[in-house]
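Hi there,

Here is the structure I promised to pass on. Please have a look at it first, and then read on for what turned up.

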Amino acid sequence: MSISALALALFTAQPVPSYDLVIRNVAIASPERDAVLTGQSVRIRDGRIVEIGDSPMRVSEGEAVLEGEGRFLAPGLTDSHHHVSFVPGMGAVGLPPATEHPELVAAYMAQQPRSLLYHGVTQILDPSPLTGWEAFTDQPQHPDLLRCGEVPGPHDGYPVNQRAGQNPEDAYPYDIDTPEDAAPVIARMQADGAICVKVYLENGFGAASVWPLMSDATLDAIKAEASARNMPVLVHANAIDMYEIALDHELGVMAHGLWNWQWPEGEPPVVETLDRVIAGDVGYMPTLRVMAGLADHVRPGSLDNPDLEPVTPRDLMDFYREGGADWFADELASDFPADMPREEIADIFGLGVQRGQRALAYLHGQGHPVMLASDCPGSPTAINQPGLCTVLEMEAMAAAGMSARDILRSGTLSIAEQFGLEAEYGRIAPGFVANLVLLEENPFESVRAWRSLDVVILRGEVIERDSLRAR
Ligand SMILES: [Zn+2]
């Protein structure tokens with residue numbers, strides 16, 4: 001549909017913006033179905049799907065009409081690992097260098113939800129939203145925000161040691177120092193709206209392993225209290241030894257893929273660990289964009305990527321082009337010989353992506369469900385812009401061998417099932433939240449279909465994609 005036809009339909013049929021809507025003659029591509037269902041009509045009222053049928057639907061007064069002919073209607077994506085309080089190329093809001101550029105941070109925060117919607121992401125789960133997530137939900141159009149409560153762990157360990165100069169009490173409202181703290185803190189977390197608990201198992205990056213971890217007794221107390229409250233525990237871990245600790249404590253969801261292992265000949269040495277993931281029915285977030293983002297950030301010329309323009313505020317793009325985010329590339333390169341070309345450093349980070357893809361291919365090949373999860377921006381990487389990053393994550397999953405339909409499932413049903421949201425999100429069926437996308441191409445056939453997005457429907461509100469572009 002052209003913009004003018006849509007505008008006319010909205011204008012004539014909808015005198016008040018109640019977002020009641022009929023989508024006519026559309027092909028439904030929803031992951032609970034084996035095949036695309038053509039010639040369907042979908043009625044939306046008060047932000048939810050109320051009726052689906054293959055006969056022409058009568059349009060009542062006050063309802064808008066969206067002609068879907070030749071398009072595919074899919075559920076909006078959930079990115080189950082996105083950080084709302086981190087700025088690409090800067091890092092955490094509230095810490096330098098972000099504090100030195102308040103106008104750029106404000107421009108980013110205004111564009112962030114729009115960029116997610118621009119790429120069809122209508123729900124995000126933020127495992128560690130810190131204290132400033134209302135800056136996301138205060139924006140006029142934003143994906144539904146689901147969040148965990150973040151338990152920082154020992155204050156001389158990760159992630160507290162990444163926030164030099166900041167009082168941990170200010171950044172982390174859900175500190176758990178002893179097993180006795182778990183019950184009251186997790187109760188408060190849930191009362192505040194968190195649906196999950198995030199913990200960290202990280203003893204150092206790369207070959208280093210010097211940072212302290214949470215005690216076994218505290219991990220067990222967190223697991224027991226979270227389970228009693230039906231809150232999944234998300235674990236930051238990406239190395240075999242850290243994975244094994246999480247599996248020993250039956251913590252639940254691995255918030256990162258398993259990529260931190262040596263590159264072997266033949267069979268990956270991670271199969272035993274991955275078999276435990278399968279046997280324990282443990283949730284798995286591949287987060288391939290973590291290492292891919294690092295590779296992109298040090299690779300010369302990556303800012304020329306035209307995909308950045310629709311999702312990055314112009315002033316922030318200028319800031320990157322003028323070298324504003326080079327500090328992080330220099331920091332990454334400082335771990336390598338001074339004369340090593342940046343391209344070569346990028347390729348070394350790329351090996352981490354390949355290891356993550358091999359682990360993903362193994363799990364997927366065994367029929368283990370995985371969740372779409374980009375962990376963006378994760379590190380202060382300029383390329384990991386919201387929304388774009390989710391689509392790049394899906395393309396990396398496709399490159400690992402997953403089918404387009406399985407990837408759609410990973411970004412919809414699989415996440416809803418893991419987090420107890422299966423009555424709300426993930427399907428196109430009566431009663432479900434009307435967070436939907438209209439695509440020009442078939443998302444069952446190719447993951448490239450997500451690049452053909454035309455219209456986003458957010459709780460029944462029709463949003464033309466072009467209106468979401470960064471300025
Ligand atoms: Zn993360």
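A cut-off to start with: a residue is called buried if 20 or more other C-beta atoms lie within 10 Å of its own. Met90 has 26 C-beta neighbours inside 10 Å, so Met90 counts as buried. Do keep in mind that this is a predicted model.

Met90 sits in the loop that links β7 (86–87) and β8 (91–92). If we set aside neighbours within four places in sequence, the contacts of Met90 are Pro97, Ala98, His101 and Pro380. For a sense of scale, Met90 and Thr218 are separated by 128 residues in sequence and by 33 Å in space, C-alpha to C-alpha.

Now the domains. The assignment for the protein chain gives domain 1 (3–75 + 427–468) and domain 2 (78–296 + 325–418). Their C-alpha centres are 32 Å apart. The contact between them takes 21 residues from domain 1 and 20 residues from domain 2. On the domain 1 side, β5 (72–75) and β16 (453–458) are the elements that give two or more residues, and β16 gives the most, with three residues. That side of domain 1 is made up of 14 nonpolar, two polar and five charged residues.

Next, the cores. The largest nonpolar core has 126 residues, and the members that touch the most others are Leu73, Val197, Val199, Ile222, Val233, Val235 and Met254.

Seven strands make an open, parallel sheet in the order β6-β9-β10-β11-β12-β13-β14. β6 (77–79) and β14 (283–284) are at the edges with a single partner strand each, so one side of each has no neighbour in the sheet. Within the sheet, β9 (121–126) and β10 (144–150) pair over four bridges in the parallel sense, and Gln123 stands opposite Asp144 in β10. Helix α6 (216–228) lies across β11 (196–200) and β12 (233–236), and runs at about 165° to β11.

Happy to talk any of this through.

Best wishes

Notes. Residues are numbered from 1 along each chain as its sequence is written. This is a predicted model: local features need pLDDT of at least 70, side-chain atom pairs count only at pLDDT 80 or more; totals for chains, interfaces and linings use all residues. A nonpolar core is a set of buried Ala, Val, Leu, Ile, Met, Phe, Trp, Tyr and Cys residues joined through C-beta atoms within 7 Å. A residue is buried if 20 or more other C-beta atoms lie within 10 Å of its own, exposed if 12 or fewer, and partly exposed in between; C-beta atoms are placed from the backbone. Domain bounds come from an automatic or database domain assignment. Two residues are in contact if their C-beta atoms, placed from the backbone, lie within 7 Å. Ala, Val, Leu, Ile, Met, Phe, Trp, Tyr, Cys and Pro count as nonpolar, Asp, Glu, Lys and Arg as charged, and the others, Gly among them, as polar. Two strands pair if DSSP finds at least two bridges between them. Axes are lines fitted to C-alpha atoms, for helices over the stretch in contact, and angles run from 0 to 180 degrees between N-to-C directions.
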